[in-house]
Amino acid sequence: MGDDLRRVVRGPVVAAGEDGFDAARRAWNLAVEQRVSAVVEVADTEDAAAVVRYAGRAGLAVSTRATGHTPTAAADGTVLVTTGAMNGVEIDPEARLARVQAGARWGDVVTESARHGLVGAVGSSPVVGVTGYTLGGGVGWFARSHGQAANLVRALDVVTGDGNRVRVNADSEPELFWALRGGGGDYALVTALEFELFDAGALFGGRVLWPAERAEAVMAAFREATAEAAEGLSIWLTLIQFPPFPTVPEFLRGQSMVAVDVLAQGDVTGPLRRFDEIPGAVLDTRRGLDPTGIGGICMEPEDPSPARVRGELLTEFTTAVGDSLLATAARNGSVYPLALVQVRHLGGALTRPPADAGVAGGISEPYLLSLLGPAPSPQHAAAVLERRAEIATELSIYTSGRKPFTYLDSGDTPADAFAPATLDRLRDIKRRNDPQEIFRSNFPVAEPLTELDRAVLDAPA
Ligand SMILES: Cc1cc2nc3c(=O)[nH]c(=O)nc-3n(C[C@H](O)[C@H](O)[C@H](O)COP(=O)(O)OP(=O)(O)OC[C@H]3O[C@@H](n4cnc5c(N)ncnc54)[C@H](O)[C@@H]3O)c2cc1C
């Protein structure tokens, strides 16, 4: 297969068994090993189309990776297309649009847009890929003021299942446009996206960190501050168990802490005074920020790491919810084996999706809970999954049962993100645009084709 692929593309190809295969298939998130059949680093759009046409002829499936922040075993057996070499970013300051190639990371976009005083719907990490994040909705720092990233997309350039290059927007391909804005990457191979930017304005943000003993007081302040926060103010609370790694500052290694991460657009910082009243902070990085400083607020690791994350949408964050999280931590000595238990305040623009929104739609739940644990071995992963399940069960009366698509993890399916009727519509779009099921996203909407389906498809017309 390696030689066949090398004949049709210009970018490097490494097939299973060839030198460099393990390095080529490794995702950013090291917790999941993907047993793909070959890796093609596409050089350009023509390469991307050539792989899809080859896969169609050979009866193969194609998975796609920008960075590999959410790899799953759904890619097993596929030809993995990596887009990292296609990372161009163009900013049109007059139109306030970014045009980015499929392999760009959020840090690439923020650096370019900041030159014009503009910013996009960036999330917590500068090394997350724009494409996977945006195709899955994307709940970031500006979600309360501008909604999900997917709903800011104006057009996408894609390769369709028949290997054609198509520009998808509200006029040309409305159904595909709707599905790609929140429903993941199961319908086409995206080569570029165009999306809206907005004025960065005067930003203020950073992290305040206290020893875990202050968690109850910090949670109370978080509840009060989020109740009165304007839409330009985002506040996230995180219980943290810092690992004893050399990458962590020495005074934090192995420590249990509670953090408040904030980003304020303009003069909306009033509610933050509640946190200033809590003594004992060991770190306070809050300051006036350039957009390029946003990616550092949460101090997330930028190098590849093994992690498992579970997302849950909370219907409230009352004292009872906070107490439940603290009780689990107290019972077990700390949040370990999790590293992070994070609650993000949502609301604002997320509750008012635009009339022309993609399937990402809106989010009515007021808080997002994420439970992240390092999983460098199957034993660590099992402990992380067990603790996540314990917390989710205890909080089940406070969760809606729905998860944002970008917070799905191995073992979840799109049915965890979408209502049955929505999933039916996505499946119909998948069938019409990719009848051969060439594209295989990390969370496929389609059930795999049966032998009978394949026989019907392969039968001469
Ligand atoms: C440290 C960290 C921080 C995060 N912060 C946030 C956050 O603040 N908000 C949030 O909403 N999410 C966040 N996430 C989740 C993140 O949005 C998902 O992991 C997302 O999938 C990352 O996109 P990617 O392109 O980097 O990942 P990849 O794993 O490369 O891609 C994920 C999936 O997207 C699809 N895809 C990628 N490229 C293409 C393409 N060219 N064509 C078609 N399909 C494609 C594929 O189905 C692929 O499996 C975070 C994750 C991590 C690990």
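**Notes on the three-domain model**

1. The chain splits into domain 1 (2–84 + 427–458), domain 2 (89–199) and domain 3 (203–411), with bounds taken from an automatic or database domain assignment. Bear in mind that this is a predicted model, where local features need pLDDT of at least 70, side-chain atom pairs count only at pLDDT 80 or more, and totals for chains, interfaces and linings use all residues. Residues are numbered from 1 along each chain as its sequence is written, and side-chain values use heavy atoms, with hydrogens and water left out.

2. Start with domains 2 and 3. Their C-alpha centres sit 25 Å apart. Domain 2 brings 34 residues to the contact and domain 3 brings 38 residues, where contact means heavy atoms within 4.5 Å. Between them, the two domains bury about 2900 Å², with 62% of it on carbon and sulfur atoms. Buried area here is the accessible area (1.4 Å probe) that two parts lose on being put together, summed over both. On the domain 2 side, Val139, Trp141 and Arg144 lose the most area to domain 3, and together they make up 35% of what that side buries.

3. What about polar links across that interface? There are 18 residue pairs in polar contact between domain 2 and domain 3 (both at pLDDT 80 or more). A polar contact is a pair of N or O atoms within 3.5 Å; within protein, one must be able to donate a hydrogen and the other to accept it, and residues adjacent in sequence count only if both atoms are side-chain atoms. Salt bridges across the interface of domain 2 and domain 3 come to zero, using a side-chain nitrogen of Lys or Arg within 4 Å of a carboxyl oxygen of Asp or Glu as the rule.

4. Which elements of domain 2 face domain 3? At least two residues each come from α4 (106–114), β7 (118–119), α5 (130–135), α6 (143–146) and α7 (174–180). The largest share, four residues, belongs to α6. Helices (H or I, at least four residues) and strands (E, at least two) are DSSP runs, numbered from the N terminus. By type, this side of domain 2 has 15 nonpolar, 16 polar and three charged residues.

5. Now the ligand. Around it are 30 residues, of which Ala66, Thr67, Thr70, Gly129 and Thr406 come nearest; a residue qualifies if one of its heavy atoms lies within 4 Å of the molecule. A polar side-chain atom of Arg344 is 2.9 Å from an oxygen atom of the ligand. For Ser124, a polar backbone atom is 3.0 Å from a ligand oxygen. For Asn442, a backbone N or O atom is 3.4 Å from one.

6. Two arginines pair with glutamates. Arg165, in strand β9 (residues 165–169), has a 2.8 Å side-chain polar contact with Glu46. Not counting residues up to four places away in sequence, Arg165 touches Thr45, Glu46, Ala49, Val158 and Val159. Arg274, in helix α9 (residues 273–276), makes a side-chain polar contact of 3.0 Å with Glu224.

7. Finally, two backbone spots to check. Most residues other than glycine have a negative phi, and most peptide bonds are trans. Tyr336 and Pro337 are joined by a cis peptide bond, with omega about 15°, and Pro337 is in the loop between α10 (319–332) and β18 (340–345). Arg96 has a positive phi, near 55°, in the loop between β5 (89–92) and β6 (97–101).

How values were computed
Nonpolar A, V, L, I, M, F, W, Y, C, P; charged D, E, K, R; others polar.
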